[in-house]
Amino acid sequence: QVHLVESGGGLVQPGGSLRLSCAASGSILNIYYMGWYRQAPGNQRELVARISTGGHTNYADSVKGRFTVSSDNAKNTVHLQMDSLKPEDTAVYYCNVGALSLVRGGDYWGQGTQVTVSS
């Protein structure tokens, strides 16, 4: 299995910054991509940002220019630097990893970390 541990959520004022981190561990054979989704109350879960092991990134239009996703392939970690935060960024953020483990291949999810942007 693949275990994901997230950190870095919290409360921040509009215009502020937060950095989320996610570390993957377990019986990992290969990781294909790592990234972040978010889900606000009443909304569907949506992709925020993703990075492949080759370094290709893609972002939701709503976060382009404000969020930056990065990874450390050697440490199986992914980070999300969130700047110029807006109240509409408030959501539970989930780490997502596409990986092959000894058990199965597919998507793995973290437990979620709350990000609240409010004055």
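Biologist: How many bridges join strand 7 to strand 8?

Modeller: Keep in mind that this is a predicted model. Strand 8 covers residues 77-82, and strands 7 and 8 run antiparallel. One spot to look at is S70, which stands opposite H79 in strand 8. As for the bridges joining strand 7 to strand 8, the number is 6.

Biologist: Which strands sit at the edges of that open sheet?

Modeller: The sheet is open, has 4 strands and pairs them antiparallel, in the order 1-3-8-7. From one strand to the next, the twist averages 15°. An edge strand here pairs on one side only, and that picks out strand 1 (2-7) and strand 7 (67-72).

Biologist: OK, over to strand 9. Why is strand 9 said to be largely enclosed by the rest of the structure?

Modeller: Strand 9 takes in residues 91-101. Counting a residue as buried when its relative accessible area is under 20%, strand 9 is largely enclosed because its buried residues number 9 of the 11.

Biologist: Which residue in strand 9 is the bridge partner of M34?

Modeller: Strand 4 (residues 28-39) pairs with strand 9 in the antiparallel sense, over 10 bridges. Within strand 9, the bridge partner of M34 is V97.

Biologist: And how many residues lie between strand 9 and strand 10 in their hairpin?

Modeller: Strand 10 (residues 105-109) is antiparallel to strand 9, with 5 bridges in the pairing. There, L100 stands opposite G105. Between the two strands of the hairpin, the count of residues is 3.

Biologist: What stands opposite A91 in strand 11?

Modeller: Strand 11 (residues 113-117) also pairs antiparallel with strand 9, over 3 bridges. Opposite A91 you'll find V115.

Conventions:
Residues are numbered from 1 along each chain as its sequence is written. This is a predicted model: local features need pLDDT of at least 70, side-chain atom pairs count only at pLDDT 80 or more; totals for chains, interfaces and linings use all residues. Side-chain values use heavy atoms; hydrogens and water are left out. Two strands pair if DSSP finds at least two bridges between them. Axes are lines fitted to C-alpha atoms, for helices over the stretch in contact, and angles run from 0 to 180 degrees between N-to-C directions. Buried means under 20% relative accessible area, exposed over 50%, partly exposed in between (1.4 Å probe, protein chains only).
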